[in-house]
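Please look over these notes beside the coordinates.

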Amino acid sequence: MAILLALGTWQMERLAWKEALMARITSQLSQPPVPLATVEAAQAAGDPIEYRPVTVSGTFLHDRERHFFATYEGQSGFYIYTPLRLADGRVLFVNRGFVPYDRKEPASRAEGQVGGDVTVTGLARERLNGKPSWLVPTNDLAKNIFYWKDIDAMAASAGLGEPVLPFFVDADKAPNAGGLPIGGVTIIDLPNNHLQYAVTWYGLGLALAGVCVAMWVRRNKPT
């Protein structure tokens with residue numbers, strides 16, 4: 001009984017945490033984009049930067065782009081992570097969006113390889129500190145196919161000697177020349193089943209209590 005009640009209470013605490021997280025994300029998404037320096041300062045202070053709108057300018061290093069295996073509207077392909085060289089020489093990986101599987105090679109979408117100074121508006125994304133799960137395949141550096149966003153491996157395999165910022169930016173839906181990559185692919189999906197789980201655990205606890213009462217009554221029933 002104690003275990004079941006503890007599990008139900010834990011799920012209620014997780015519910016409160018998840019609702020607060022969703023409220024914070026919703027609030028952040030409604031805010032106007034901030035300069036890159038603001039996001040850097042927030043991260044340095046230990047504040048969450050996930051999904052924070054940001055605007056950044058620089059020059060794309062298209063010959064160093066990395067390919068992250070993904071699906072978009074039921075179609076297999078890749079998210080294109082392109083290093084953006086900032087004015088101070090540092091580099092920021094930008095997820096420019098989705099391309100179909102057969103358009104992986106940059107030569108097949110040359111119109112979208114914009115040159116010169118560009119300004120990108122999108123969402124800041126935290127780096128991953130490790131592989132999300134043992135079920136996720138190992139990144140294939142030789143083929144430039146990534147299954148999880150290992151920013152250090154992306155930078156090393158791209159041959160980047162410049163300092164790389166410790167987070168990503170997902171570009172918004174602003175169209176690219178030639179139609180590719182397709183921007184605005186950020187998935188904000190936060191399942192919230194904690195109330196259902198809590199009701200299940202509390203329900204099992206109530207059922208157990210009923211069984212115990214029935215057994216006690218049966219054992220103490222006069223013969």
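1. H67 stands opposite I80 of strand 4. Seven bridges join strand 3 (residues 66-72) to strand 4, and the two run antiparallel. Strands are DSSP E runs of at least two residues, helices H or I runs of at least four, numbered from the N terminus; two strands pair if DSSP finds at least two bridges. The turn of this hairpin has two residues between the strands, and E73 there has a positive phi of about 50°.

2. The model is predicted: local features need pLDDT of at least 70, side-chain atom pairs count only at pLDDT 80 or more, and totals for chains, interfaces and linings use all residues. Residues are numbered from 1 along each chain as its sequence is written, and side-chain values use heavy atoms, leaving out hydrogens and water.

3. Strand 4 (residues 75-85) also pairs with strand 5, antiparallel, through eight bridges. L84 stands opposite L92 in strand 5. L84 is also the bridge partner of F60. Five residues separate strands 4 and 5 in their hairpin, where G89 takes a positive phi near 95°.

4. How many residues of strand 4 are buried? Eight of its 11. Buried means under 20% relative accessible area, exposed over 50%, partly exposed in between (1.4 Å probe, protein chains only).

5. In helix 2 (residues 36-44), L36, V39 and A42 are buried. They sit on the same side of helix 2 because they cover an arc of only 125° around the axis, taken from the directions from the helix axis to the C-beta atoms. Exposed A37 and A44 are on the face turned away from that buried side. G46 follows helix 2 with a positive phi, near 85°.
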